[in-house]
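Here is a note to read beside the model, written as numbered points. Please keep the structure open while you go through them.

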Amino acid sequence: MGNRSGVLELAVLGLLHEAPMHGYELRKRVNAQFGWGRVLSFGSLYPCLKAMLRNGLITADPGTPESGRRPKIVYTITADGKDYFAHAMHEAGPSAWEDDTFGVRFSFFGRTDPATRLRILEGRRARMEERLANFRAAMSRTAERVDAYTLELQRHGLESAEREVRWLNELIDGERRQQRPPDQHYPPTQGDSR
């Protein structure tokens, strides 16, 4: 699921889980929900849809023609597609918390079991803490050798990573509160930027 087409496949299946849609509507929803406006083209979407059709994950039915136009093809998730999506949403390996995959996975967390959500959030936090350490090391090595704009870009990356770690800590704490028995208490999550 770590490659871009696998992420797009997961996004499409998740959206079709909500309702059948035609290609234009799918592209619009993927762009709006996942911020792929400049990245996702019909040249990426339609080959993905064709592969999903071949694999039996979705069906394609001609819709009703509109005023002399060709009918729009409406895509619907199949039972196999629902099973595939459910299985994919329970995977919690490193690809689930990578940059390309995490946002799509997170947007469908409502269909993910609590233990898997927690593993993904903890994995993402570990990845971001590693990124923080790399930003700090790079800044300390290069601060005197780069211009002010490069330094600001590095500072922006550091602040963004720190913000994401704080956000992940809050989400992890919330997941733990929901999962624990009423009489058990966990200490708050401690991240290096909290």
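1. A residue is called buried when its relative accessible area is under 20%, exposed when it is over 50%, and partly exposed in between (1.4 Å probe, protein chains only). The model is a predicted one, in which local features need pLDDT of at least 70 and side-chain atom pairs count only at pLDDT 80 or more, while totals for chains, interfaces and linings use all residues. Residues are numbered from 1 along each chain as its sequence is written, and side-chain values use heavy atoms, with hydrogens and water left out.

2. The protein chain has seven helices and three strands, these being DSSP runs numbered from the N terminus (helices H or I, at least four residues; strands E, at least two). Read from the N terminus, the order of elements is α-β-α-α-β-β-α-α-α-α. Of the 194 residues in the chain, 38% are buried.

3. Glu-9, which sits in helix α1 (residues 4-18), deserves a careful look. Glu-9 is buried and yet has no salt bridge, since the word is kept for a side-chain nitrogen of Lys or Arg within 4 Å of a carboxyl oxygen of Asp or Glu. The nearest side chain of opposite charge belongs to Arg-54, 8.7 Å away, where Lys and Arg count as positive, Asp and Glu as negative, and His and the chain ends are not counted. The side chain of Glu-9 does make a polar contact with the side chain of Tyr-84, at 2.9 Å (a pair of N or O atoms within 3.5 Å; within protein, one must be able to donate a hydrogen and the other to accept it, and residues adjacent in sequence count only if both atoms are side-chain atoms).

4. Side chains of opposite charge can pair when their charged atoms come close. How many salt bridges does a search of the whole structure find? The search finds nine. In one of them, Arg-124 pairs with Asp-99, with the closest N and O atoms 2.8 Å apart. This pair links distant parts of the chain, Arg-124 being in helix α6 (residues 114-142) and Asp-99 in helix α5 (residues 99-107), 25 residues apart. Arg-124 is buried, with a relative accessible area of 5%, whereas Asp-99 is partly exposed at 44%.

5. Another salt bridge joins Arg-136 to Glu-162, with the closest N and O atoms 3.0 Å apart. Arg-136 lies in helix α6 and Glu-162 in helix α7 (residues 148-179), so this pair ties together parts that are 26 residues apart in sequence. Glu-162 is buried, with a relative accessible area of 19%, while Arg-136 is partly exposed at 32%.
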